[in-house]
Amino acid sequence: MSQSPLTFQEIETEVQEFEAAERKRLGLEPCPAPQWHDRNPQQFERAQRKETTILAGGLTIAQDALLQAALEAIGYRIEVLPCPDTAALHYGKEFGNRGQCNPTYFTVGNLIKRLIHLRDRDGVAATEIAQRYVFLTAGACGPCRFGTYATEYRKALRDAGFDGFRVLLFQQQGGFKQATGPEAGLEMNPRFFAQVVKSLIAGDVLNAISYRIRPYEICVGDTDRAIERSKEILCEAFRTGRSIVKALLRCRHQFEAIKVNWLQAKPKVMIIGEFWAMTTEGDGNHHLQRFLESQGAEVDIQLVTAWLLYLIWQNQRDTRRRLDLREQDATGKGLAGRDGVRLLRQLWVAERLLRLIFHTFARAIGLRRYHLPDMEELATVAQPFYDVELRGGEGHMEVGKLIQAVTLNKAHMVLSVKPFGCMPSSGVSDGIQSAVLNRLPQAIFCPVETSGDGEVNFQSRVLMYLFKARRRAKEEFEMALQRRRLDLNEASGLMSRLQKRATHYPAHVVAGSAANRVCTLR
Ligand code: SF4
């Protein structure tokens, strides 16, 4: 007699029993995971300061080094983490939550990589690491993932075996409000802020001048050597409390000694996009700046000072709009019980001071004709396309920068870097910028995504756009020579000794630096 076929239910039961038996055999029985809560360990007291190393990093290589020297000068033990690489990304992906943006993975992975080295290579116990080290990072309550970074870090650290490791936040918008008291390990007082701001701006002028000169140096490596020497000079000045302006004047001699050939038609590429992705100088953006230079471009980078100006601008705008609300405005950044007009005055002074320090430092190092953005102007040009009230990432700045780059002829090509998984940058560079480009069809705009892999795809996309930009720079240069009725030798002969200097920078007429030199020859 033939057996009756199994019913669906019987098959299901059999499969479930088999699965349960296999799970038991392989040790994969489900065990309910306890809900994780962020205990937010932050305790760091003044008495611990001498024995505690603050791990920091995440800006440009020059700025990280200067920040270390500046904070060591006021009594902190600082260790700068190296520029995040692909190995750091892998650690970040292994221990971080799914669906985060790229900078989170790179940053937390870089931290975990260092801690694992300490534990496994140097033999320091995880508990001792948690006692002797803290991580200092920027915090914000922006609407993008940035607002949850610190918690994500702590969760990843726990999973990597460093439960209880302290992540300290330096709120970008916090100012002296976050002053942590004289007994706190990290005392965010005016001295602390002054050191941070000075080191960031000194790093900015150092970066800006080197990106201007390096593409035109005759002897490859001269600019990098000047940067290294300048970093030593500046670090020493920070450590010994000497004048930074005098140190920058000494750095200027390093740059002035570089021999350059200014009359090379190079495409100028402005890098914009998400803050971390456009600032990092390693695997996080596939060494974008160096790659562009290796392909014959001059890179126009964005400075951290501009970001600080953006933070001040946000505060100014919010304060002005809140002035009428005063009595009902008791929440968060509300003005209830506060003098809004006085706050506006303080912000005005902060902005002026920032610009003054920047221009003083720039002048000392020989960075001429560098214009920091006018934040109101940037907001005005961006507003028709992107509401300036929308915050997160670079906000409207990305839009404003593209418009200004094209309409004011600041660069031949604009390259927008957005990290994989970035909410604000994806919306802007893929969505809003299309509307901008409809109005500005002459723009060469290259949005690229960095995911940590696919370097070849990333670079070939950049090269496609760079081809057009290179042609445009060449045409512009030839037109400048024609207008002046000169050939290359005659133009070179007309350049004075001063104009041949590495720190000389011509007035702005067109986008290309070489064409500008020809246009401004006397
Ligand atoms: S701007 Fe983008 S990449 Fe940067 S933190 Fe926010 S979501 Fe992440």
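The dialogue below treats a helix, ring pairs, charges over rings and the ligand shell.

Analyst: This is a predicted model, in which local features need pLDDT of at least 70 and side-chain atom pairs count only at pLDDT 80 or more, while totals for chains, interfaces and linings use all residues. Residues are numbered from 1 along each chain as its sequence is written, and side-chain values use heavy atoms, with hydrogens and water left out.

User: How many of the twelve residues of α2 are buried?

Analyst: Buried means under 20% relative accessible area, exposed over 50% and partly exposed in between, with a 1.4 Å probe and protein chains only. Helices (H or I, at least four residues) and strands (E, at least two) are DSSP runs numbered from the N terminus. In α2, nine of the twelve residues are buried, so the helix is largely enclosed by the rest of the structure. Among them are L66, L67 and L71. Contact means heavy atoms within 4.5 Å, and the cover over the buried residues of α2 includes β2 (77-80), α7 (190-213), α8 (222-240) and α12 (304-322).

User: Which aromatic rings pair, and what is the geometry of Y216 and W262?

Analyst: Rings of Phe, Tyr and Trp (its six-membered ring) pair if their centres lie within 6.5 Å; planes under 30 degrees apart count as stacked, over 60 as edge-to-face and the rest as tilted. This rule gives ten aromatic pairs. Y216 and W262 have ring centres 5.1 Å apart and planes at 50°, so their pair is tilted. It links distant parts of the chain, 46 residues apart: Y216 is in the loop between α7 and α8, and W262 in the loop between α9 (244-256) and β5 (268-273). Y216 is buried at 0% relative accessibility, and W262 is buried at 3%. By contrast, the planes of Y310 and W313 lie at 15° with centres 6.2 Å apart, so that pair is stacked. Both residues belong to helix α12, three residues apart, about one turn of the helix. Ring pairs also join F275, W307, Y310 and W313 into a cluster.

User: Which charged residue lies over the face of Y505?

Analyst: A charge sits over a ring if NZ of Lys or CZ of Arg is within 6 Å of the ring centre and within 35 degrees of the ring normal. R212 lies over the face of Y505, at 3.5 Å from the ring centre. Likewise, the charged end of R214 sits over the ring of Y211, 5.1 Å from its centre.

User: Which residues are around the ligand?

Analyst: A residue is near a molecule or strand if one of its heavy atoms lies within 4 Å of it. The residues around the ligand include C101, R145, E274 and M423.
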